[in-house]
Amino acid sequence: MSALMELSYLLAAVFFIVGLKWLSSPATARNGNALASVGMLIAIVVTLFEQRIVSLSGILIGIIIGAAIGATLARTIKMTAMPQMVAVLNGFGGGASVLVASAEFLRLSGEGGAAVDVSFSVQFSILVGAVTFSGSLVAFGKLQELLTGQAVTYPMQKPLNALLLLAILVTAAYLVVGGPDGALAGVFGDLFGTSVVAPLITLVLLSLILGVLTVIPIGGADMPVVISLLNSYSGIAAASTGFVISNNGLIISGALVGASGIILTMIMCKAMNRSLSNVLFGAFGAGGGESAGAEGPQGVGGSVRQVNAEDAAIMLAYAKTAVVVPGYGLAVSQAQHTVRELASLLEDRGVDVKYAIHPVAGRMPGHMNVLLAEADVPYEQLWEMERINPELERTDVALVIGANDVVNPAARHTESSPIYGMPILDVDKAQQVIVLKRSMNPGFAGIDNELFYNQNTSMLFGDAKASLTKLIAEVKEA
Ligand code: NAP
């Protein structure tokens, strides 16, 4: 590898790391994304130039076609569909690792065979890359509702998966130690013939099946966590492929993706108060999540207090302090601009408006931040959970928009609740609570919410955007 190439990779690595750092704050995230993209562009162009893999025109055509597809997808994708887009991107990353590692292995086999360490990296890349590819496609299918979102379970599921993994490891070991010419050739007899092609294809196929079987028992609602984990896998596969083709750029970028993906996965699990093994093997959602009805949560009972837009608008217009609590429903109804408009109106009337951001509100990390940033809500109005909770007791009106689980007090005191222990926004402590949602249907966790039955809670039923539009009209009249 030439000095120029190494230096370019070093520069790209610096761009990736600084870009990641910038991604940690909404104020610098856009620049961070742009910087990391430039790093990737440098790494790609230098690699292709240096290795003379394809002609300059080939590189340019590839960049133009790829950039056009990427830009179109990024512009047209709905914010609520972002997790499935990330799933597909991860999957392609894993698939690319499988292709590169396999091609290099076949090339080396034709030249007398790969060294044991290289062959080990190849088989590892194939296993992780193929699991990432097929697992990500299943995750995409679940989120896009092409497949059932429920956790698919069947008897002996875990032992069967373990058996499959064992078959994969044995096949990989056979290839690592030399395939048909190696130490395990006698054990396999004529099963794979005299070439490495058949065991290589077997390894790819078994790994693809493992990817499918490990993701189908996970409920659709847990897919964002799975996608984050698969993102980490795609990085690990890429880093391993970097070892196969001795490419430091790939090793560094793969390691960064692998590490940041697993950190994000752990943050998401912590914010939901679930362990990673509970997400992966707990089959959360196997029984369906639409169990709750209008009768009220177990042991709470009672009826809910409905409010019309006019009365809700009066509560808001004459409040001193209001806290907006956005949740998944805000994203579904795409009401981010409308809520901003309402907040501005209230501020003009002298109401102090803040937004309370729960770390797992919505369906992906930072979902609410991204949504509100799109509507140009100033960052300083976004208050993280730890900071806003002590304020809520002193808040006149909490306006809950399409949020449910993240404001469910059961998480504080009902030990049998699936969300028990999850830190929540203490909305119930506000003087008045107005909840905007369409029905009494539960949210992601599939459980009722006692907040809705509290004395100080008023329900304004309807699509969030429609309700907010009515509120705006009524506040103008107030
Ligand atoms: P949630 O508990 O899923 O509740 C969303 C609520 O929005 C629903 O009760 C729904 O009620 C309402 N809604 C849907 N469409 C609406 C519309 N058009 N207008 C008005 N309301 C609408 O949401 P959340 O409070 O944001 O909690 C997020 C949940 O997702 C947590 O349990 C979290 O653990 C989980 N999760 C989050 C992430 C992440 O990274 N953010 C990842 C995985 C899982 P109606 O149907 O009655 O309208």
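This is a predicted model: local features need pLDDT of at least 70, side-chain atom pairs count only at pLDDT 80 or more; totals for chains, interfaces and linings use all residues.
If you'd like a spot to look at, take Ala 356: its bridge partner in β3 is Trp 383.

Six strands make up an open sheet, and the order across it is β3-β2-β1-β4-β5-β6, with parallel pairing. At the edges sit β3, residues 382-384, and β6, residues 457-461, each of which pairs on one side only. On average, neighbouring strands of this sheet are turned by 25° against each other, direction ignored.

Helix α15, residues 367-374, lies across β1 (321-326), β2 and β3, and it runs at about 140° to β2. Helix α18, residues 464-477, packs on the sheet as well, touching β4 (397-401), β5 (432-437) and β6. The direction of α18 makes about 130° with that of β5.

Let me stay with α15 for a moment. Why can we call α15 largely enclosed by the rest of the structure? Because six of its eight residues are buried. Those buried residues of α15 are His 367, Met 368, Asn 369, Leu 371, Leu 372 and Ala 373.

Let's step back to the chain as a whole. It has 18 helices and six strands. Its C-alpha atoms fill a box of roughly 80 × 55 × 35 Å along the principal axes. Of the 478 residues in the chain, 47% are buried. And if you take the contacts with a separation of 6 or more, residues 24 or more positions apart account for 77% of them.

On the α1 side, the contact is made by Glu 6, Tyr 9, Ala 13, Phe 16, Ile 17 and Leu 20. On the α10 side, it is made by Asn 248, Gly 249, Ile 252, Ser 253, Leu 256 and Ser 260. Sorted by class, the residues of this contact are seven nonpolar, four polar and one charged.

The second pair is α4, residues 82-110, and α5, residues 116-143. These two pack at an angle of about 155°, and their axes are 7 Å apart. Angles over 145 degrees count as roughly antiparallel, and so α4 and α5 are roughly antiparallel to each other. Here the crossing is left-handed. The contact of α4 with α5 has 16 nonpolar and twelve polar residues, and no charged ones.

While we're on α4, here is a side chain to click on: Glu 104, which has its place in that helix. Is Glu 104 buried or exposed? Its relative accessibility is 15%, so Glu 104 counts as buried. Setting aside neighbours within four places in sequence, Glu 104 is in contact with Val 244 and Ile 245.

For contrast, go to Leu 60, in helix α3, residues 56-76. Leu 60 has a relative accessible area of 47%, so it is partly exposed. Leu 60 and Val 45 are 15 residues apart in sequence, and their C-alpha atoms are 9.4 Å apart in space.

Last stop: two loop residues with positive phi. Met 156 sits in the loop between α5 and α6 (157-176). Its phi is near 65°, a positive value in a residue other than glycine. With 56% relative accessibility, Met 156 counts as exposed. Then there is Gln 334, in the loop between α13 (328-333) and α14 (336-348). Gln 334 is not a glycine either, and it has a positive phi of about 55°. At 27% relative accessibility, Gln 334 counts as partly exposed.

Key. Residues are numbered from 1 along each chain as its sequence is written. Side-chain values use heavy atoms; hydrogens and water are left out. Two strands pair if DSSP finds at least two bridges between them. Helices (H or I, at least four residues) and strands (E, at least two) are DSSP runs, numbered from the N terminus. Axes are lines fitted to C-alpha atoms, for helices over the stretch in contact, and angles run from 0 to 180 degrees between N-to-C directions. Contact means heavy atoms within 4.5 Å. Buried means under 20% relative accessible area, exposed over 50%, partly exposed in between (1.4 Å probe, protein chains only). Ala, Val, Leu, Ile, Met, Phe, Trp, Tyr, Cys and Pro count as nonpolar, Asp, Glu, Lys and Arg as charged, and the others, Gly among them, as polar. Angles under 35 degrees count as roughly parallel, over 145 as roughly antiparallel, 65 to 115 as roughly perpendicular and the rest as oblique. A crossing is left-handed if the near helix is turned anticlockwise from the far one by less than a right angle, and right-handed if clockwise.
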